[in-house]
Amino acid sequence: MDGDWLVAALSYLASLARRLDEFPRRVGTASSHAIDLIAMASPSSSHRDEPAPAPEEATRDWAELPRDALLTVLHKLGHVDILMGVAQVCGPWARAAREEPELWRRVDLRLHGRRLMPPRRTNSMAREAVRRSAGQCQAFWAEGALDHSVISLLADTSALSLKSLRLIYCDWIYDTPLALTITKFTLLEELELSNYRADFPKTCTAAGKACPLLKRLRLSSERFVKHSQVPADGEVAAIATTMPGLRSLQLFAKRLTNGGLAAILDGCPLLESLDIRHCFNIVMNDELCARCSLVEMLRHPHDPTDDYDLQFSSPDLDYPWVRMTPQTEYYDEWEFSSR
């Protein structure tokens, strides 16, 4: 019976996604976007000429959708869409999105190409997601103007469950406070700090010492700058001396040298995947190629970037570079509700 409800819900919401003018105004733009996502996941979404819903579907009370069916629908959506749209549809939907910790064990607040949101909204949304995980958050991925209050809350509530932490464009999070906090995530297996303005040598050192299960590390830059005045030795030394268990390492567009790479290969003998694309200070000579031959999946500095999933710019090989703040236009259309 619940399966019939779910199919009916997806079909009905798919039709509503193509008839937004009939959807209640209080759902708003964000909910319309969320319904679009449900429509794409619906079995009937491939049919462009969807007929109008049957009278019995149009009059069905979707607030009475069985809880397990509703959670299946919510699991098909991203957390940004849930926080900013679906949770505002009706009371039962809001309660299900708020009261089910399973829905928030792996929090993904990446924007997937959307413009950055204002800092206040970004942090309110992230803190709400952490609270809804009820101390069971195993993965936290975020992008945008996040500040350290969110990481502190994550440490206070989910220090003993967090296994994956990925932060992208979070320029309001700094090395020293993050280094102090990350020592609480002793079960951490994956760490990403990408497209930042600064490096994180203290954080890398602290993570290497406090997180013995750490296997995947991603420290990627938005642009390679050959003549940057900021040294990169701290991160390299931290990786080489404190992370012997690493299996996967990506250092996209970093100021890595042959000597630094050799130190990492010495200190991380279990590496299976190494991505050093756009690390143009590296010269892949015969000696270095021989040393890298034991790495199962190796991406060279000049390898194609077609499958790279973050924003990056053409390298600066000639002049000192002053990094411009990325994506300064905020997307301020959606409303966020924590009810």
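Tutor: Helices (H or I, at least four residues) and strands (E, at least two) are DSSP runs, numbered from the N terminus. This is a predicted model, in which local features need pLDDT of at least 70, side-chain atom pairs count only at pLDDT 80 or more, and totals for chains, interfaces and linings use all residues. Residues are numbered from 1 along each chain as its sequence is written, and side-chain values use heavy atoms, with hydrogens and water left out.

Student: Where is the place of Leu256?

Tutor: Leu256 is found in the loop between strand E6 (248-250) and helix H12 (258-267).

Student: Does Leu256 count as buried or exposed, and why?

Tutor: Buried means under 20% relative accessible area, exposed over 50%, and partly exposed in between (1.4 Å probe, protein chains only). Leu256 counts as buried because its relative accessibility is 1%.

Student: Which residues is Leu256 in contact with, leaving aside its neighbours within four places in sequence?

Tutor: Contact means heavy atoms within 4.5 Å. With those neighbours set aside, the partners of Leu256 are Val236, Leu251, Leu261, Ile264, Ile276, Cys279, Asn281 and Ile282.

Student: In which helix does Glu235 lie?

Tutor: Glu235 belongs to helix H11 (residues 233-242). Glu235 counts as buried because its relative accessibility is 5%.

Student: Which residues does Glu235 touch, not counting those up to four places away in sequence?

Tutor: Glu235 touches Asp199, Phe200, Pro201, Cys204, Leu219 and Lys254 on that basis. A polar atom of the Glu235 side chain lies 2.7 Å from the backbone nitrogen of Phe200.

Student: What covers the buried residues of H10?

Tutor: The cover includes helix H9 (175-182), strand E4 (190-194) and H11. Among the buried residues of helix H10 (residues 201-210) are Thr203, Cys204 and Ala206.

Definitions and conventions: A polar contact is a pair of N or O atoms within 3.5 Å; within protein, one must be able to donate a hydrogen and the other to accept it, and residues adjacent in sequence count only if both atoms are side-chain atoms.
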